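This briefing covers one protein chain. The sequence and the structure come first, and the notes follow by topic.

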Amino acid sequence: MAETPFPALELSIEGMIADAVLRMLRDTGTTIGAALATVFGERIYETELERLATDKAGTYKAHTLLVALGPVGEQRTGNDGYTELLTAVDLFYLSPIANPNHTQRWLRARVFHAIKQCLMAEQGTLRDGSGNRLTEALKRFDRLDFNGRLRADSNVIVTSFRASFVSDIDELTRTFLT
């Protein structure tokens, strides 16, 4: 994970969730993580701006996975200071292709399934680097553009996924409630 340029601002629970997703996807100690590493190697990156990263799609010569913090929603669940937090993490799979008529044995579908399996460990519960729970569960996992989109100026298909996690948090401290 990248170091923050403003250490006085604590990392929010949303940022911790995105970091946990990155950690899980990069973990080659699991069977699924090792399988993902055969596709991506060390090319699983965090990105702030998906559009800017994918606009440079022609510069990606190998399969790459970008991870970005997506939309975040909060819903008060009562007057006890509890809030249900829904945090989306967007994933962008950049797959270079030599021939648009070749499916690579449906590689994008296999990658989608492997990422979902990876994030479903412990029923979709994410933990921070110290092992503390951040989420209750993986609520949704979607492929946002079924066919992906081919960059006109490159041979890269960009396929986007969204993983949505639900957490019960304290409204004031924004920490996970156990």
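What share of the contacts in the protein with a separation of 6 or more comes from residues 24 or more positions apart? The share is 62%. The model is predicted. The protein has four helices and six strands, and 42% of its 178 residues count as buried.

**Overall make-up**

- Read from the N terminus, the order of the elements is α-α-β-α-β-β-α-β-β-β.
- The accessible surface of the protein is about 10,300 Å², and carbon and sulfur atoms hold 52% of that area.

**Helix packing**

- Helix H1, which spans residues 13-26, packs with H4 at an angle of about 115 degrees; the two axes are 10 Å apart.
- H1 and H4 cross in a right-handed sense.
- On the H1 side the contact is made by Val21, Met24 and Leu25, and on the H4 side by Ile115, Cys118 and Leu119.

**Aromatic pairs**

- Four aromatic pairs are present in the structure.
- In the pair of Phe40 and Tyr93, the ring centres are 5.4 Å apart and the planes stand at 85 degrees. An angle over 60 degrees counts as edge-to-face, so this pair of Phe40 and Tyr93 is edge-to-face.
- Phe40 belongs to helix H2 (residues 31-40) and Tyr93 to strand E3 (residues 82-96), so the pair ties together parts that are 53 residues apart in sequence.
- Both Phe40 and Tyr93 are buried.
- The pair of Phe112 and Phe141 has ring centres 4.9 Å apart and planes at 35 degrees. Stacked pairs have planes under 30 degrees apart and edge-to-face pairs over 60, so Phe112 and Phe141, at 35 degrees, form a tilted pair.
- Phe112 sits in helix H4 (residues 107-119) and Phe141 in strand E4 (residues 137-143); this pair links distant parts of the chain, 29 residues apart.
- Phe141 has a relative accessibility of 12%. The limit for buried is under 20%, so Phe141 counts as buried.
- Phe112 and Phe141 also belong to a cluster with Phe161, joined by ring pairs.

- Which strand holds Thr87? Thr87 is placed in strand E3, and its relative accessible area is 0%, which makes it buried.
- Leaving aside residues up to four places away in sequence, Thr87 touches Glu14, Ile17, Leu69, Pro71, Val72, Ala163, Ser164 and Phe165.

- Glu122 lies in the loop between H4 and E4, and its phi is positive, at about 55 degrees, although Glu122 is not a glycine.
- Glu122 has a relative accessibility of 41%. That value falls between the limits of 20% and 50%, so Glu122 counts as partly exposed.

How values were computed
Residues are numbered from 1 along each chain as its sequence is written. This is a predicted model: local features need pLDDT of at least 70, side-chain atom pairs count only at pLDDT 80 or more; totals for chains, interfaces and linings use all residues. Side-chain values use heavy atoms; hydrogens and water are left out. Rings of Phe, Tyr and Trp (its six-membered ring) pair if their centres lie within 6.5 Å; planes under 30 degrees apart count as stacked, over 60 as edge-to-face and the rest as tilted. Helices (H or I, at least four residues) and strands (E, at least two) are DSSP runs, numbered from the N terminus. Buried means under 20% relative accessible area, exposed over 50%, partly exposed in between (1.4 Å probe, protein chains only). Contact means heavy atoms within 4.5 Å. Accessible areas come from the Shrake-Rupley method with a 1.4 Å probe; for residues, only the protein chains shown count as cover. Axes are lines fitted to C-alpha atoms, for helices over the stretch in contact, and angles run from 0 to 180 degrees between N-to-C directions. A crossing is left-handed if the near helix is turned anticlockwise from the far one by less than a right angle, and right-handed if clockwise.
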